[in-house]
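Here are my notes on this model. Please read them with the structure open beside you.

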Amino acid sequence: GSTGETGIGGSLSMESSSGFGGGASSIFAGVGTVGDGGSIAAKAGSGAHAGGSVEVLSGNKGSVRVRSADAFDSGAIDIRTGSGSSAAGVVVVSAGKTTAGIGSSVAVTAGDADGIGGSLQLQGGASTSGSGGDVSISPGSGTTIGHLTLQSSESSSSVTIKDSSVNIDAANSVSLTVPLPDTTAEKRSQIGFGFTAQEGQQNTDYGLRLQSSTDSGGIVSPMI
């Protein structure tokens with residue numbers, strides 16, 4: 001609608017008719033026979049205190065689908081908040097709550113390909129002056145706590161994290177490595193297996209410890 005210089009801006013409403021089967025509403029941009037096709041923009045108004053919101057809501061049992069068209073080079077889907085001098089907005093992806101039965105799932109899957117399949121990347125934010133953001137993956141709580149499982153594509157190897165244990169199931173081998181330090185004797189690399197002390201104490205009782213050792217000639221070698 002038109003701009004209200006001193007009052008409230010005008011509204012715009014589009015609605016299809018009701019009936020035994022509700023009428024559909026469609027908005028199409030123009031086709032470009034030579035150049036690019038037309039665009040569709042939906043933008044809420046700015047405000048002195050807070051800008052308006054944009055809401056896309058389906059009817060009961062209806063779905064909301066956002067996708068790019070199939071093509072030789074299909075377009076991308078970019079979901080992000082705007083930047084802010086004080087704080088940027090938050091992106092939340094969550095499934096609805098179920099009062100009875102099984103809770104809804106959230107699936108994030110990279111694309112299949114005849115060549116190399118797409119990758120899936122989770123990355124915390126970088127910081128120019130402070131600490132970088134963390135990445136946390138946690139199962140749900142309940143009368144029986146959920147498990148966190150990392151599994152290979154063929155399900156032959158997996159790491160399962162439970163509330164009281166960590167299980168590593170490998171088809172062939174398990175490798176755990178840390179880089180050797182430089183030749184400075186004060187610097188050592190270490191892989192330790194053992195038990196932590198009681199709560200509040202810092203020491204650890206290692207049952208097995210693999211540690212680098214520097215000899216008099218400055219040669220670094222592993223030592224059990």
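The points below go from the whole chain to single residues.

1. Basis. This is a predicted model, in which local features need pLDDT of at least 70 and side-chain atom pairs count only at pLDDT 80 or more, while totals for chains, interfaces and linings use all residues. Residues are numbered from 1 along each chain as its sequence is written, and side-chain values use heavy atoms, with hydrogens and water left out.

2. Secondary structure. The chain has zero helices and six strands. Helices (H or I, at least four residues) and strands (E, at least two) are DSSP runs, numbered from the N terminus. Read from the N terminus, the order of elements is β-β-β-β-β-β.

3. Burial and surface. Of the 224 residues in the chain, 3% are buried. Buried means under 20% relative accessible area, exposed over 50%, and partly exposed in between (1.4 Å probe, protein chains only). The chain exposes about 20,500 Å², and carbon and sulfur atoms supply 50% of that area. Accessible areas come from the Shrake-Rupley method with a 1.4 Å probe; for residues, only the protein chains shown count as cover.

4. Contact range. Take the contacts between residues at least 6 apart in sequence: 7% of them join residues at least 24 apart. Contact here means heavy atoms within 4.5 Å.

5. The sheet. Three strands form an open sheet in the order E1-E2-E3, with antiparallel pairing. Its edge strands are E1 (148-151) and E3, each pairing on one side only. Two strands pair if DSSP finds at least two bridges between them. Neighbouring strands of this sheet are turned by 10° against each other on average, direction ignored. For such angles, axes are lines fitted to C-alpha atoms, for helices over the stretch in contact, and angles run from 0 to 180 degrees between N-to-C directions.

6. The E1-E2 hairpin. E1 and E2 form a hairpin with six residues between them. In the turn, Ser155 has a positive phi of about 65°. Four bridges join E1 to E2 (residues 158-161), and the two strands run antiparallel. Gln151 has Ser158 in E2 as its bridge partner. Leu150 stands opposite Val159 in E2. As background, side chains in a regular strand alternate between the two faces of the sheet.

7. Ser158. Beyond its neighbours within four places in sequence, Ser158 is in contact with Thr149, Leu150, Gln151, Asn167, Ile168 and Asp169.

8. Asp169. This residue lies in strand E3 (residues 166-169). Its relative accessibility is 47%, so Asp169 counts as partly exposed. Neighbours within four places in sequence aside, Asp169 is in contact with Ser156, Ser157 and Ser158. Asp169 and Ser157 are twelve residues apart in sequence, yet 5.4 Å apart in space, C-alpha to C-alpha.

9. Salt bridges. How many does a search of the whole structure find? There are two. The criterion is a side-chain nitrogen of Lys or Arg within 4 Å of a carboxyl oxygen of Asp or Glu. Asp70 forms one with Arg67, with the closest N and O atoms 3.0 Å apart. Asp70 is exposed, at a relative accessible area of 68%. Arg67 is exposed too, at 59%. In another salt bridge, the side chains of Arg80 and Asp78 meet at 3.1 Å, N to O. Both Arg80 and Asp78 are exposed.
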